[in-house]
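Please open the model in a viewer and follow the selections below in order.

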Amino acid sequence: MRSIGDLKRAAKAALRGNYGILIMASIVSSLLSFLGSTLTAALFPGDSVLAIALSQIFAVILSLVFSIVTAGYSYMLLKVAREGSCVLGDLFYFFQSHPDRVIIASTVLAVIDVVATFPATYYNLAVEPGASMEAQMEWLTTYSVIFMVTSILSMLIGIPFAMIYFLLSDNEEMGGMQAVKTSARMMKGRIGKYLLLQLSFFPLMLLSVLAFYIPLIWVMPYMQMSAAMFYRDILGELDTVIPGTGMYTGETGSQVIELPETPSLPEKPDQPEASDEKKEQKDDYNSEA
């Protein structure tokens with residue numbers, strides 16, 4: 001497989017001229033998510049048990065519908081990575097390409113996330129913060145630690161399934177559960193490298209936080225395109241090197257991206273043949289002997 005640096009350079013090359021459309025798609029996705037949250041709050045106001053329960057159920061349903069848009073963004077990333085372009089309408093590709101399989105796969109991911117983060121959810125609902133400032137600070141500290149640990153656990157458990165939406169984008173007939181199983185098989189032995197790829201963006205993420213999250217507009221497409229290149233690398237699409245150019249192209253041959261070619265060992269020079277004079281001296285010596 002290609003190095004992390006190679007994957008990130010390939011992502012940068014693919015994003016040239018395509019940042020605008022991917023940023024626009026991210027903005028549309030965020031607006032849809034915001035409208036969903038606003039609609040949930042408007043339909044189920046109040047803090048009664050029934051209102052909270054109904055709002056949670058409605059939020060889960062909306063999140064599953066929204067996952068179809070998220071899968072569409074993965075489809076856009078692959079189109080840009082392979083063909084060099086996409087259109088905003090590709091964001092809604094899966095609404096007309098068996099959306100049920102995306103919902104099934106997303107349900108599995110949601111269940112994994114709920115199970116992994118259950119300790120934090122339980123502590124938040126079952127443990128009272130207390131009346132004093134000291135008790136509230138202790139509750140907040142404990143909850144923050146539990147939340148951080150469970151979030152990291154959820155991320156680690158979710159890594160084997162990081163290729164699901166890419167697989168569904170490539171295979172129209174693949175079912176949701178089949179995509180879950182195939183992703184887990186593809187990521188076997190590659191989880192560590194994928195984690196390192198994600199962690200390599202930590203400095204940029206930290207810088208974005210310090211800059212009021214504004215740079216995330218550019219960082220997130222870069223990070224997500226690198227994941228798309230990771231997927232292509234697993235498929236072997238980044239292995240075709242054009243001899244003598246240091247360039248590679250995918251199996252489709254549709255886009256060429258500059259990456260360093262693995263250097264080859266220098267050939268050993270041929271040993272010069274002995275001169276005729278030395279050969280004659282050797283023959284004379286053998287005859288005398």
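At what angle do the axes of helix H5 (residues 118–126) and helix H6 (residues 133–158) cross? They cross at roughly 160° and come within 8 Å, where axes are lines fitted to C-alpha atoms over the stretch in contact and angles run from 0 to 180 degrees between N-to-C directions. H5 and H6 are therefore roughly antiparallel (over 145 degrees). Helices are DSSP runs (H or I, at least four residues), numbered from the N terminus.

This is a predicted model in which local features need pLDDT of at least 70 and side-chain atom pairs pLDDT 80 or more, while totals for chains, interfaces and linings use all residues. Residues are numbered from 1 along each chain as its sequence is written, and side-chain values use heavy atoms, without hydrogens and water.

Next, select Pro119, Ala120, Tyr123 and Asn124 in H5; they meet residues of H6 including Trp139, Tyr143 and Phe147 (contact: heavy atoms within 4.5 Å).

Of its 42 lining residues, Thr70, Tyr165, Tyr194, Met220 and Gln224 lie nearest the centre. H3 (49–83) supplies the largest share, eight residues.

Finally, move to the second largest pocket, of about 590 Å³. Select Gln56, Val60, Asp113, Val114 and Thr121, the closest to its centre among 16 lining residues. H3 again gives the most, with six residues.

Definitions and conventions
Helix = DSSP H or I, 4+ residues; strand = E, 2+ residues; numbered from the N terminus. Parallel < 35°, antiparallel > 145°, perpendicular 65-115°, else oblique. 1 Å grid on protein atoms, 1.4 Å probe; cavity = no way out; pocket = protein on both sides within 12 Å on 5 of 7 lines; lining within 4 Å. Points joined across faces, edges and corners; volume = space filled by probe spheres on them.
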